[in-house]
Amino acid sequence: MNVTIEKKFRTEVVYNGVEKPIQVEAEERVTALIQRAIAAFGVTQQPHLLSLFRQDGTVVNENQSVEQAGLKPHEVLLLRPNAVKGGSERLKVAGEVLPATFRMLQECGQGQCECVVYWTGSTSSGEVDGVEHPEHTRSPFGYEVRSQWLTDFWKRLASSRRSVRAQVHTHPDEPFHSSSDDRWPIVSQAGFISIVLPNFALGRPTLHNAWVGVILRDGRWRQLESASEVLVMP
Amino acid sequence: MNGLQNLDRTILLCRDYVPDGVTNYRICERLQTRQTLCIADRRNISTHAGQTALVTLVSLLSRMGMQVALDIPEVNLVSAQPPLQGSSLGAALVGANEAFVASATINTRTDFRPDIIFALGDTPIEDYRAPCWRLTGDEWSGRIEMDGLGEPPAWTAEFPMGSMASAALAATEAFKAALRGLPLRSLACQPFLRESRSASWDFGLSSIPMAGFDLGEVDFVSAGAISQAALYALVRIPKIQIRARIFEHDVTEASNLNRNMLTLREDIGHAKVRVVARRCPELIAGTIPARYGNGDVELEKLAPRVVVGVDDIPSRWQVQRRQPAWLVVGGTSHFNVSSSIHSLGEACSGCLHPIDEPGPNVIPTVSFVSFWAGLITATRLLMEATGKPHSLRKQHLWLSPLRMDLPRAAMWSPVPPRRDCPVKCLASRSLTETDPIAA
């Protein structure tokens, strides 16, 4: 028996209850279909979490072509997150942490050089209650933490059952995450927070103008809309 | 702005459709300046279901920061309506003025022009020159319809599940109307916010008896929004029997008020378990003010029926690994509800949610979405207790409350077992042995 496979057909994709026809080609990747659906529905929030699901609950394999995945003309597919995002707690920042951070960054940087501090807390709590100012070299364009200090720091953290919860560093002008910031955070674990303060942290102790980001599971950084997404400030 | 903190999560959710150039302040102001009018005559609020519809609607509107005016006669409460207090309906509602969310007023003034009107059942209304939806329904189904579309029946039912569904449907229309007045990210956002001229939800349980529910021992893991919405629904079921324990370590924060249905502003800073126990003491047999999985193993032995209301994926896995006989998991994701049930031997919650994606921990939420999650959870529990649980074909529900008028608003599906199930449940292990090519 000959089976005719349509090379170009349409699927029905459902997002937030709304159904839209999306054209596909048998040879194209499922990821292309997902991208087209994301664009059609105008999804802007966490689109990287979205996958397509069949009506039998199985997920459509994104590593395959439309044909390999067995998608059929007019098949109804649900576009939804592959992991319903969790709601664990935000880090609570103790009252003295932010003023102390600005004080250290201002005193060390003198409005002329970049500087860095690390926010620490007990491994058993969701609170930041310590600020560590490392030994480092500095310039208007960067800093480098001394490796011996880092070794001692890790030992100290282990013995006191504390961990680094976030790093905070300064930039001369605009706050952003440079490629070296992306590559060399002090902690490379998913969920780790990085904060970049503009203007060498001169001015009032606030995170309003800061760049705040978090490491995702795949190692990429995601900039957040505001610090309040991950931090509870006093 | 007063109330900005309380509406923090709702404003965050609005960002799905409202561009970054619109300030949080402006979104907050838009919500807080919506004038809603709720109208009911004596007949329509003389039953428990009618009263529950009104109380639930007012709570959901108020938790979005909206202003609520009531045009209702004075009637006594048929049954308690926690977290409200008082013996008469009007006094209880007005007593909650600014109690749900700061600056969200509830009063009986009607000398203003409403932006939107909600009328219960067949209550006659004057010509207010504002869009009006009617809330109707029966024991197990709820409906909204724009005024003039049909012949609305009066509320005559006592059993309240359908009335809470109609309230959730109505609150959604108020929210969408508010957002339609703000700039949107793109034209693609418009279909999600289009008004639903009529919408309905039927739990499909008319064959289930509406009295004598005995749920036995039930453990709730979390006293957050979904558990509170489920308990809010259960405490309104006449003569229900349940011995519930609640595990929760957290305290109430200002940002919880937008969705925690048993919580008032006065509860900020108080342990969530205490708040819940105070509001529905007849349901709660024990409170454990600790995170599940971190404490006493003996204490953490689970009841035969477990409700998990935490969005945190690893916490769901942890409960599932303890192999409860029956588990219902309720969650929200932006404007969607995820509800699943897992009996021993079936594909588990790890099969459904095999991935945890670390990221920002502030979850965007809004009152009516969280409420739907709790309402569905409560229904699943009632069905299980009566020996008529959903079939495997309906093991998972993906609900999109924004457009309940559309045929794809509710997407039911089985939960297929996965070889890479992080819980390594029985169903996933059997799969590995028998089907080497399965997902």
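Me: Where in chain B is B:Pro83 found?
Reply: In this predicted model, B:Pro83 is found in the loop of chain B between β2 (67–71) and α4 (89–94).

Me: What makes the peptide bond from B:Pro82 to B:Pro83 cis or trans?
Reply: The omega angle of the bond from B:Pro82 to B:Pro83 is near 10°, and the bond is cis. As background, most peptide bonds are trans, and most residues other than glycine have a negative phi.

Me: How is B:Glu98 classed by its relative accessible area, and what is its phi?
Reply: B:Glu98, in the loop between α4 and β3 (106–107) of chain B, has a positive phi of about 60° although it is not a glycine.

Me: Which residues of α1(A) are buried, and what puts them on the same side?
Reply: The buried residues of α1(A) are A:Val30, A:Leu33, A:Ile34, A:Ala37, A:Ile38 and A:Phe41. They cover an arc of only 135° around the axis, and this puts them on the same side of α1(A). On the other side of the helix, A:Gln35 and A:Ala39 are exposed. The buried residues of α1(A) pack against β1 (8–15), β2 (18–25), β3 (50–53) and β4 (76–81) of chain A, together with α6 (190–193) of chain B.

Me: What makes helix α11 of chain B largely enclosed?
Reply: In α11(B), 18 of the 19 residues are buried, so the helix is largely enclosed by the rest of the structure. Helix α11 (residues 367–385) of chain B reaches 27 Å from its first C-alpha to its last, close to the 27 Å expected at 1.5 Å a residue. Just after α11(B), B:Gly387 takes a positive phi of about 75°.

Me: How many helices and strands are there in chain B, and why is the chain called as compact as a globular protein of its length?
Reply: Chain B has 12 helices and 15 strands. Its radius of gyration is 21 Å, close to the 22 Å that the globule rule gives for 439 residues, so chain B is as compact as a globular protein of that length. Of the 439 residues in chain B, 62% are buried, and its C-alpha atoms fill a box of roughly 70 × 50 × 45 Å along the principal axes.

Me: How many aromatic pairs are found, and why is the pair of B:Phe175 and B:Phe335 called tilted?
Reply: Over all chains, 19 aromatic pairs are found. The rings of B:Phe175 and B:Phe335 have centres 5.7 Å apart and planes at 50°; planes under 30 degrees apart count as stacked and those over 60 as edge-to-face, so this pair is tilted. B:Phe175 lies in helix α5 (residues 161–180) of chain B and B:Phe335 in the loop between β12 (326–333) and β13 (336–343), so the pair ties together parts that are 160 residues apart in sequence.

Me: What makes B:Ala178 count as buried, and which residues does it touch?
Reply: B:Ala178 lies in helix α5 of chain B, and at 0% relative accessibility it counts as buried. Leaving aside residues up to four places away in sequence, B:Ala178 touches B:Arg30, B:Leu31, B:Arg34 and B:Met66.

Note on methods:
Residues numbered from 1 in each chain as written. Chains lettered and ligands numbered in written order. Predicted model: local features only at pLDDT ≥ 70, side-chain atom pairs only at ≥ 80, totals over all residues. Heavy atoms only, no water. Buried < 20%, exposed > 50% of the residue type's maximum accessible area, 1.4 Å probe, protein only. Helix = DSSP H or I, 4+ residues; strand = E, 2+ residues; numbered from the N terminus. Arc of directions from axis to C-beta. Contact = heavy atoms within 4.5 Å. Rg over C-alpha atoms; globule rule 2.2 N^0.38 Å. Phe/Tyr/Trp six-rings, centres within 6.5 Å; stacked < 30°, edge-to-face > 60°. Expected span 1.5 Å × (residues − 1).
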